Amino acid sequence: MSLDSAREAFLAEVAELLQSMEDALLALEDDPKDPESLNEVFRAMHTIKGTGGVFGYDSIVDFTHTVETLMDQVRSGQVPLTRPLIAALFECRDHTARLVEAIVEASTPEAPLDPELARAGDALLAQLSPSGKAARATAPSTAAPSAADPKYLPVVSDLWMITLKFKHDTFRDGMDPLSFLRYLGSLGDLVHVTTLLDPEATREDGFDPESCYLHFGIGFRGEVDKPTLAGVFEFADQDCEIRILEPDTAQSKYLELLAAVPDDQVGWIGDLLLRIGALTQGELDRALETQAAESGEASDGEEAERKRRIGEILIEQGSIKPAVVEQAARTQEAVRTRRQEEAHFIRVDAQRLGHLIDLIGELVTSSAAIRVLVKRAGVEDMNEVIDGVEYLVSEIRDNALQLRMVPIGESLSRFKRVVRDASRELSKEIELVITGGETELDKTVVEKMIDPLTHLIRNAIDHGIETPEVRRSHGKPSQGTVRINAYHDSGHIVVEIADDGAGLDAERIRAKAEAVGLVKSDDVLTREETLRLIFAAGLSTKEQATNLSGRGVGMDVVRRNIEALRGTVELDSHLGEGTLVTIVLPLTLAIIDGFLVSAGPDQYVIPLAQVAECVEMGAASGIKRHGEHYINLRGEVLPFIRLTELFENADPRRRAGRRESLVVVRFGHHKMGLVVDALLGELQTVIKPLGKVFERLRGVAGATILGTGDIALILDVAELAAIAEGQRDSAGKRPVVT
Amino acid sequence: MGEMVLSNRTSAAAHSEVDDEVTQYLTFAVSDERLAMSIDAVKEIIETPAVTRVPMTPDYIRGVINLRGSVVPVIDLGARLGRGPVVLTKRSCIVLVEVHVGDEAHVLGMLVDEVKNILEIAREDIKPPPEFGSEIRTDFIEAMGRVDEVFVIILSVDHVLSMQELAALRRLSQEAALGGADGES
């Protein structure tokens with residue numbers, strides 16, 4: 001860990017805290033008294049202040065301190081939480097984000113703050129005070145513990161005893177022990193500081209100049225409460241044993257010590273008490289003897305239940321006060337739950353995961369290559385082994401991809417804020433309803449779909465939902481609703497964005513499209529086709545969009561973004577009733593199950609999730625030709641494409657009339673047949689990008705390397721259908737959408 | 001498979017006409033014509049492996065190859081220079097070139113009839129391209145190099161392999177059709 005990564009960790013922490021603060025504020029809008037949410041806001045500001053202080057970011061400390069102080073008053077009921085105050089807190093949250101960004105980007109913490117940012121901050125702080133006066137406190141020495149809060153023990157003596165035992169890796173982790181002392185100094189007076197050396201440092205062979213051997217004993221005077229002091233060292237708690245003692249009675253000292261025992265040293269309750277000096281070895285031994293004697297009388301099987309707790313015996317023995325034992329038990333319990341939680345989740349760098357998935361991609365290709373070689377060499381005995389390896393590889397692949405799957409809801413919740421802010425700006429009443437937030441998909445896909453989604457939701461708010469007056473005059477409830485719904489469907493994720501707003505006016509879209517020359521006046525388009533025109537580039541400027549009763553702002557960009565993810569976007573709308581946009585995306589961008597076919601001399605992969613069925617084309621198959629572009633499959637009329645015709649790569653050596661196969665594919669709500677020369681079976685397909693040269697190529701989604709080392713192109717079925725239709729169209733036939 | 005790896009000389013000095021009197025060029029043949037290009041951009045020269053055709057692309061895009069696990073596009077230099085597609089023989093080679101677009105580096109293959117040799121051409125033997133009379137698009141010609149009293153065309157890699165122009169995939173009638181009446185699919 002370098003200083004840079006420490007900063008990065010700080011940034012990540014701030015982002016997380018601000019997100020939870022935002023969520024809490026949104027919750028407070030509904031229930032301003034919710035204590036959980038109040039605490040959340042307080043905690044976010046408090047923690048950012050503490051960590052900011054460690055880095056010496058004074059402007060962050062000043063700003064967040066004032067907000068924190070206010071939140072403390074709100075928490076204790078001294079200040080009522082009004083709607084304007086919540087609004088101001090939202091802005092404080094945003095301001096904190098800007099502050100942190102500006103300051104962390106600046107080269108040194110001492111760099112002066114952009115005066116504009118500072119002014120904005122002061123203006124915000126002024127809003128926080130209910131009387132309108134600047135509430136800005138000269139942080140943080142006035143952070144007196146709130147008398148109304150009984151959680152904090154009152155300060156009796158004026159000297160705090162702080163013991164810091166920095167661990168050997170402190171410097172290596174990018175921490176500077178002095179910065180903590182310096183920050184502590186800004187909160188009050190360091191009355192005396194004793195610097196002690198770790199005994200390790202004096203070992204002749206053991207001294208390592210890069211290790212930290214410093215321990216500090218500090219006597220500190222300041223008008224601060226315990227959490228504030230703890231906050232100073234919050235960022236160091238990985239690298240330092242910290243004890244903060246109020247020089248009160250011995251008992252409170254023990255309680256504090258107990259709370260400060262590092263997790264890995266929490267074991268048996270007796271050891272724990274011994275460690276902190278609340279118990280002598282003799283007392284403990286005596287209690288253990290008592291316990292052993294008692295349990296000796298019970299039968300072995302029930303020993304655990306019968307055995308009296310050592311704490312009880314100690315109290316009975318008069319060695320210790322009950323409160324201390326209780327605290328010790330609590331410490332024990334807290335560590336146990338924390339350990340359990342830690343065992344559930346591990347944070348992993350996304351890049352490492354990406355690298356792992358790349359490697360597994362290579363592994364998939366290599367195992368396919370082995371299969372090809374073994375087949376060629378005709379080594380029968382190896383087949384079973386290879387089956388086993390292939391099974392394992394596909395399991396590893398699925399598991400690795402699963403690691404990168406995240407529930408979509410985490411990313412969708414940000415839209416609550418978007419909807420809230422935008423509806424305020426536009427004086428509309430809009431509710432956002434999110435369902436299916438637990439649906440999982442690849443994190444890389446989530447990141448890339450956020451922009452188009454934002455666009456669609458903004459469109460729904462800006463142009464879809466009408467003002468309350470208009471809505472009432474149309475007999476609708478004055479509050480409009482935007483719904484986001486996500487679910488899985490055959491290897492894809494479907495995200496629907498629906499609003500109950502004004503809907504699209506197909507006639508006006510048509511008129512506009514004719515005006516800009518997208519369609520001719522004698523073209524016959526279905527309603528669906530007309531609506532889809534708004535995804536065309538020509539209808540995308542803002543001004544035109546407003547002419548069109550709203551929609552269309554950058555809809556072509558939305559479509560392109562979605563298609564770049566190998567997804568599709570469809571739209572349905574009824575005038576006056578609302579609009580439904582459906583986005584279908586693949587779950588991952590890395591490895592898919594594919595179906596290999598050949599056409600002409602080349603091989604192609606069709607995503608298996610899109611393959612509905614495969615049929616041999618022959619007299620007995622029940623397939624009838626139905627005109628030039630359609631076939632009749634068991635009574636169902638399907639359009640079809642002969643790949644060798646579309647790709648102009650028919651193999652001249654192939655005998656005419658040889659049996660072909662039909663692959664029925666589905667995309668969106670459509671179905672289509674692809675006529676190929678041969679079906680070659682399923683395979684795990686590692687998607688390789690085709691590169692920039694082919695970024696505008698349609699109909700091909702990427703490439704994959706087969707076990708033979710040959711390349712097969714991955715087909716994009718929906719785009720192929722569009723291309724084939726375009727060709728038919730230009731050949732003078734009326735377009736038909738299936 | 002008989003690869004010839006060239007040291008990738010990227011130092012600016014090697015290219016600078018002020019500091020260096022002599023620059024190295026790779027020469028190769030396309031349709032019986034000897035052409036040259038600065039060796040700085042060349043990464044590697046390989047024998048032609050199986051090239052997978054990419055459908056619905058103009059003929060200057062020969063296809064893609066598997067280069068140690070990466071998919072690399074191959075440009076047919078004969079078609080690109082308007083001399084007709086390269087006919088594969090034992091001597092045909094792919095010259096792998098690194099092309100930069102912004103901060104990104106892209107590797108492209110260039111299919112040629114035959115790779116000749118590496119020449120050093122002195123600065124005074126480099127002449128500006130002729131303004132007319134060449135069969136090759138003038139912007140593809142960076143300069144003319146005199147070698148043994150014969151002039152060799154030095155290609156401009158930036159123009160011949162202009163990513164923007166290649167990616168336009170012009171000739172694609174479908175592209176035009178879709179660009180217009182977009183929407184149905």
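In which helix of chain A is the place of L363(A)? L363(A) lies in helix α14 of chain A, residues 350-377, where helices (H or I, at least four residues) and strands (E, at least two) are DSSP runs, numbered from the N terminus.

Before going further, I note that this is a predicted model, in which local features need pLDDT of at least 70 and side-chain atom pairs count only at pLDDT 80 or more, while totals for chains, interfaces and linings use all residues. Residues are numbered from 1 along each chain as its sequence is written, chains are lettered from A and ligands numbered from 1 in the order in which they are written, and side-chain values use heavy atoms, with hydrogens and water left out.

I turn now to the interface. Here 36 residues of chain A are in contact (heavy atoms within 4.5 Å) with 33 residues of chain B. The two chains bury about 3200 Å² between them, 65% of it on carbon and sulfur atoms; buried area is the accessible area (1.4 Å probe) that two parts lose on being put together, summed over both. In chain A, the most area is lost to chain B by K692(A), V693(A) and I711(A), together 21% of what that side buries.

How many salt bridges are there between chain A and chain B? The count is zero, a salt bridge being a side-chain nitrogen of Lys or Arg within 4 Å of a carboxyl oxygen of Asp or Glu.

Over all chains, the structure holds 37 salt bridges. One of them pairs K476(A) with E466(A), with the closest N and O atoms 2.8 Å apart.
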